[in-house]
Amino acid sequence: MESEEREQRLIETMDLYGDDIVKLCYTYVRNWQTAEDLTQESFLKFFRSLHTFRGEASVKTYLYRIAINVCHDYLSSWKYKKVTITNAFHKILRTERSTEQVVMELDDSKRLVLAIEQLPPKYKDVIIVFHFGEMSLEETGSILKLPINTVKTRLRRARQMLGISLQEGVE
Amino acid sequence: MDPIRKALNEVYDEKHFSIHKKQDTVKLARNVNRKKRGAAVTVAVTVMAAIMLFLLVQPAEQHVSVSTEKAPETVEEAYMERFAAAMVTDDKEAVMTYLSESDWLLQCAIESGDSAFYRSPELTAKERKNLSALLYYMYLWRIEVWGAKPPIPNVASFDELRRQSASFVETYEEFFPDKPFISSKEEHGLLSNTYFGTMSKNNQWGLIGMMAIFGILFILNIKVRGNLFFKAIPLVIICICLVPFVMPAAEKYAYDETSIMEAVLNEEELKGAHLTDAATFGDNRYALITTAEGIHYFAHFLKNENGYVLWYTKTGKEYMMDASQPQWRRQVVAVHEGHDMSKIELVGEYESEGTVIPVDLEAGKPTIRAIVKPEFFKSFHYEYYNANGEKMY
């Protein structure tokens, strides 16, 4: 693939999926600036691997896989841990309101999103890919490299944690 | 629409991947190829630099000068004296005296043409090598064949010997195909200047194997997500493994007069001294060194798979020092310059009582002699005689 063609493909993909990927990243890092940086990194990785992309998966599936990996890498990095510790200090100093107080004041959608943001990563992964990405169980399993049964189990537990009851295609 | 997707879109409604960030991403993407080229160039340059560094680690230039107070003799005289001694077969005492002396300094002088011990005539490189090899083979013949007549004819002059030396060496080489002559230049060439070169073959392969394993581990680690610190550990280990390739060899080898001095001066932390005599007997090399303050050093170098390495040094103000080579039944007797002895006797005791082995000396002249003792001659003491032939002490 020629470099101009690759560049064009990158622009199209960013226009099509950029907003979704930035939101996906935000659920993991809860900081818009960082989410945008991680989105940019995801698209650069996508661009670098375009010549090896064989089209067996859809661009969306491929991009979700890259983005989730980028977020996981960030969460396991020293940089993130340093930021987390600093934020924890700030919270203590500010005597911030408790999460329960905040949740009580929100509407249903906001409450749901806040709950998703606070899910452990392995449950967040399945919720984001399956629901937000509107992927099938097979696609979810392929992106997260998990067997379908594991995807089902994690989806069920994630929903229990969110306190919602959704049935589509799971049980 | 999926309720979770709907909720996320509602809550994150105003957040988008900004145009500015998209433009920035395109700009960075354009630089990716350039960066790849830059990284490739960096790796290539680093590898080239490492290879160059490895190749440049050649034997260092010697800056130690050799000085000696031993009166210079001409190579011709010294050589013909040794040649005549090597031709003697029927006089056991003469053979023993011949074997007790070493040709090594003479060999070095012929090879280099620049010796503090001997004035060397004009010789071609081929003649130098042949004459040096001939000394080695004549001595070897006496050690291996003992009393048998040498396989070469006697010659009367050094010039004739020069002309015939090539054919003489060929004759001897046929007798000792498994003990070829190695010149001091070749001996030097065989030495490694790096620590890696002095390691045993097993350790060398072990080190290379370790580097290969950690190299593979490093490559595999690059592809795995994880902490950069842990990814770098194999790289650090590889770097540590590279140290022996550039680190200078810990052991100093003695392959000529200068390297002898360098090894001893380093070991004894001396600023100045002069070499007065040196000798090689098989796998053992000896050197006599004296400082301006009159302190004497007797250095013993032992041959290992790489060369002659300093084993120990005896120090003192006394003139006579010795060393034993029990496996060869040899007793090495060394006297430093300035001594006043004309003879030392090895006088047998107990089971060897009644046997006396004399070692004739020239007063004042530094000398190293290797005495081959009879098998029964196990216990003995030394007796010393002054220049007038009177017993000392």
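For the complex, the predictor gives an ipTM of 0.77 and a pTM of 0.54. Chain B has an average pLDDT of 84, and 87% of its residues score at least 70. Among the elements of chain B, strand 4 (residues 284–290) has the highest mean pLDDT, at 93, whereas helix 2 of chain B has the lowest, at 71. Over residues 58–63 of chain B the pLDDT stays under 50, and for this stretch the model has 7 contacts beyond four places in sequence. Where pLDDT is low, the predicted coordinates should not be read in detail.

The two chains can be taken up next, starting from where they touch. The contact draws 32 residues from chain A and 24 residues from chain B. On the side of chain B that touches chain A, the elements giving two or more residues are helix 1 (3–11) and helix 2 (19–56) of chain B, and helix 2 of chain B gives the most, with 9 residues. Sorted by class, this side of chain B has 11 nonpolar, 5 polar and 8 charged residues. Helix 2 of chain B, which gives the most residues to this side, is also the element of chain B with the lowest mean pLDDT.

In an unreviewed entry, UniProt lists residues 38–57, 205–222 and 229–250 of chain B under "transmembrane region". In the model, residues 205–222 of chain B are 100% helix and 0% strand, with their end C-alpha atoms 26 Å apart. Residues 229–250 of chain B are 82% helix and 0% strand, and the end C-alpha atoms of that span lie 33 Å apart.

Within chain B, two pairs of helices show how elements pack. The axes of helix 6 (residues 125–145) and helix 7 (residues 158–175) of chain B come within 9 Å and cross at roughly 45°, and the two helices are therefore oblique to each other. Helix 6 of chain B passes helix 7 of chain B in a left-handed crossing. Residues of helix 6 that take part include L131(B), L134(B), Y137(B) and W141(B), while those of helix 7 include A166(B), F168(B), V169(B) and Y172(B). By class, this contact has 9 nonpolar, 2 polar and 2 charged residues.

In the second pair, the axes of helix 3 (residues 75–87) and helix 5 (residues 104–112) of chain B come within 11 Å and cross at roughly 135°, which makes helix 3 of chain B oblique to helix 5 of chain B. Here too the crossing is left-handed. V75(B), A78(B), Y79(B) and R82(B) in helix 3 of chain B meet L106(B), A109(B) and I110(B) in helix 5 of chain B, and the residues of this contact divide into 6 nonpolar, no polar and 1 charged.

From helix 3 of chain A, T61(A), Y64(A), R65(A) and I68(A) meet E139(A), S142(A) and I143(A) of helix 8, a contact whose residues divide into 3 nonpolar, 2 polar and 2 charged.

Definitions and conventions
Residues are numbered from 1 along each chain as its sequence is written. Chains are lettered from A and ligands numbered from 1 in the order in which they are written. This is a predicted model: local features need pLDDT of at least 70, side-chain atom pairs count only at pLDDT 80 or more; totals for chains, interfaces and linings use all residues. Axes are lines fitted to C-alpha atoms, for helices over the stretch in contact, and angles run from 0 to 180 degrees between N-to-C directions. Helices (H or I, at least four residues) and strands (E, at least two) are DSSP runs, numbered from the N terminus. Angles under 35 degrees count as roughly parallel, over 145 as roughly antiparallel, 65 to 115 as roughly perpendicular and the rest as oblique. A crossing is left-handed if the near helix is turned anticlockwise from the far one by less than a right angle, and right-handed if clockwise. Two residues are in contact if their C-beta atoms, placed from the backbone, lie within 7 Å. Ala, Val, Leu, Ile, Met, Phe, Trp, Tyr, Cys and Pro count as nonpolar, Asp, Glu, Lys and Arg as charged, and the others, Gly among them, as polar. UniProt positions are given in the numbering used here, feature names are shortened, and annotations may be inferred rather than shown by experiment. pLDDT is the predictor's confidence in each residue, from 0 to 100.
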